[in-house]
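Me: I have the model open and would like to learn how its features should be read, one at a time. Could you take me through them carefully, giving the general idea before each case?

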Amino acid sequence: MNKLITIETRDLTKRFGNFTAVDAISFKVYEGEIFGFLGANGAGKTTAMRMLCGLLTPTSGQALVAGYDIYRQPNQLKAHIGYMSQKFSLYPNLTARENMTFYAGIYGMKRKEIGDKVHSLIKSLGVEKYSDMQVHNLPLGWKQKISFMTAIIHNPKIVFLDEPTGGVDPITRRQFWDMIYEAADRGITVFVTTHYMDEAEYCDRVSMMVDGAIAALDTPEALKTRYSVASMNDVFIQLARKANRSAV
Amino acid sequence: MNNAISIKNIKKTYPKTGILALEDFSLEIADGELFGLIGPDGAGKTTLFRILTTLILPDFGTAKVAGFDIIKQLWDIRKIVGYMPGKFSLYQDLTVEENLRFFATVFNTSVEANYDLIEDIYVQLQPFKNRRAGKLSGGMKQKLALCCALIHQPRVLFLDEPTTGVDPVSRKEFWDMLDQLKRKGISILVSTPYMDEAARCDRIALLQKGQVLDVDTYEGILLKNQKPMLALRSAHMFKLLTDLRRFPATERCYSFGSVHHLVLKAGYPYRENELMDYLQNLGHEDIVCQKIKAEIEDVFIDLMSGVA
């Protein structure tokens, strides 16, 4: 198969003192893939994700993200990825339009290009009536949709989503996944963490971190077959129960 | 016997934003009940907790907690309720043990006098008792916050989204702890955006935009809100979703994990062949289709679509 690799890690490790947060993880993610990055609280997901985004230097091991080395080219890397966290993505006192324009500027897009892009995104989201309100006044579901669009405004190769759907209603949660599918369809690689196990089923492949290591990595179907269970929730519970280290 | 909580026609608007948080809201929760408020962000869950714990006043309506009026008898209420807010609110600079002692002292009691109630939970924190609360993991913070809310033996416990952002295993453990507390006679009002957790409650209220969509047992809600529904899958799930939504008889279609749930328009005579022909003509392969019963999220989507 000739699928392009967008993320490749080899024995990627991060230690804090004598605590190994991420323990020699090796995996590949392909272009346009929706990759679910699962694990219990404290399993090492956030630490791994921060290394892949060029925000944290690994202790050892290697990783290429969007073709850039995470040790030597963290800044080039940052220009080619998008990142959305549940906690902080938008400036609350700016409007949706201002947030998008601001981030597009940070990513070095040209003024003319930014105007057109922001206009078309707002139109495609159907958020015209919200686009000039300060985002802190918007319902959470809209904030999350706008955050996602902002995270991919510069057409990154990969977008990292850290629990993007926590707390939103069931319809908005699904609309959010429609947006993820569309982005992946356009060739953007989606790297996503979630605590909703039905969402794990929407991923092309998922990995499951236990005690800093990758305990399993496969398609949801294959994992369910391997552990002889009906749902990803049961896969999660089986694997997470094997954890030795408690979430401290 | 008094109900643990009695809410009558509560209305609350936030003047600054003009947001209507609760609209003519009424609810009765029995003594000893484990009652769940199930709804997304913006449903009014936190506003309701803040009114019942006497932190803010409603614009209109009355409520009682353990028989005490939330306005006239607020000091009685404050002595007998435990409240775990959605946002971590313990002292980050105090250790685990210091936080617990602080809350016991505030309520004029001691950790030792009430240790029985929290023992099962606190033993898991014991190894870290000298660690500052701010340095604990999410799961451990949550356990400590629960201990602090329990240390004065409250009659009614309010838990605002205790499991948000918590992984499925820890969430299950947390609900096991709530079962234990219920057996000790504490009435519990708990909110969650995870709809599957509704199954762990004695009764639930489904909330959306400040209104009660339905109140019943989990099974009761499922039973009375059934509609004919199909679960479908094929080799190309995203295309399948788009195509199913364009099917003339489709009322709505959403993804549910490994399948899509399809609700057909009322009165449409369902002929499986027709749907299969439609999908095969669009090039779908490996189609699997079966009749299913609505799950809690199906019901919620159905009910919230009626509210608009």
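Predicted model: local features only at pLDDT ≥ 70, side-chain atom pairs only at ≥ 80, totals over all residues.

Me: Which residues of α1(B) are buried?

Reply: An α-helix has 3.6 residues a turn, so residues three or four places apart point the same way. Here the buried residues of α1(B) are B:Lys45, B:Thr47, B:Leu48, B:Phe49, B:Ile51 and B:Leu52, where buried means under 20% relative accessible area, exposed over 50% and partly exposed in between, taken with a 1.4 Å probe on protein chains only. The helix spans residues 45-52 of chain B and is mostly covered, with six of its eight residues buried; helices (H or I, at least four residues) and strands (E, at least two) are DSSP runs numbered from the N terminus. Just after α1(B), B:Thr54 takes a positive phi of about 65°.

Me: Which residues have the most contacts inside the largest nonpolar core?

Reply: A nonpolar core is a set of buried Ala, Val, Leu, Ile, Met, Phe, Trp, Tyr and Cys residues joined through side-chain atoms within 4.5 Å. The largest has 57 residues, and those with the most contacts inside it are B:Leu146, B:Leu150, B:Leu157, B:Leu159, B:Leu181, B:Ile204 and B:Leu206. Helix α5 (residues 138-150) of chain B gives the most to this core, with eight residues. Leaving aside neighbours within four places in sequence, B:Leu150 is in contact (heavy atoms within 4.5 Å) with B:Leu117, B:Ile118, B:Ile121, B:Leu157, B:Leu181 and B:Ile186. Apart from this core lies another, of 54 residues, among them A:Ala96, A:Val159, A:Ala183 and A:Phe236.

Me: What covers the buried residues of α8(B)?

Reply: Helix α8 of chain B runs over residues 237-246, and its buried residues are B:Met237, B:Leu240, B:Leu241, B:Asp243 and B:Leu244. What covers them includes α6 of chain A, together with β11 (229-233), β12 (250-256), β13 (259-264) and α9 (272-281) of chain B.

Me: What is the area buried between chain A and chain B?

Reply: The size of an interface is often given as the accessible area lost when the parts come together. Between chain A and chain B the buried area, which is the accessible area (1.4 Å probe) that the two parts lose on being put together, summed over both, is about 2700 Å², of which carbon and sulfur atoms give 63%. The contact takes 33 residues from chain A and 33 residues from chain B.

Me: How many salt bridges does the rule find across this interface?

Reply: A salt bridge is a side-chain nitrogen of Lys or Arg within 4 Å of a carboxyl oxygen of Asp or Glu, and by this rule there are four across the interface of chain A and chain B. One is formed by B:Arg233 with A:Glu221, whose closest N and O atoms are 3.5 Å apart. On the side of chain A that touches chain B, the elements giving two or more residues are α6 (170-185), α7 (197-200), α8 (220-226) and α9 (232-240) of chain A. The largest share of that side, eight residues, comes from α6(A).

Me: Which parts of chain B does the pair B:Asp302 and B:Lys227 tie together?

Reply: Over all chains the count comes to 32 salt bridges. B:Asp302 forms one with B:Lys227, the closest N and O atoms being 3.1 Å apart. B:Asp302 lies in helix α10 (residues 296-307) of chain B and B:Lys227 in the loop between α7 (218-224) and β11 of chain B, so the pair ties together parts that are 75 residues apart in sequence. B:Asp302 is buried, with a relative accessible area of 18%, whereas B:Lys227 is partly exposed at 36%. Elsewhere, salt bridges that share partners join A:Arg173, A:Arg174, A:Asp198, A:Glu199 and B:Glu297 into one network.

Note on methods:
Residues numbered from 1 in each chain as written. Chains lettered and ligands numbered in written order. Heavy atoms only, no water.
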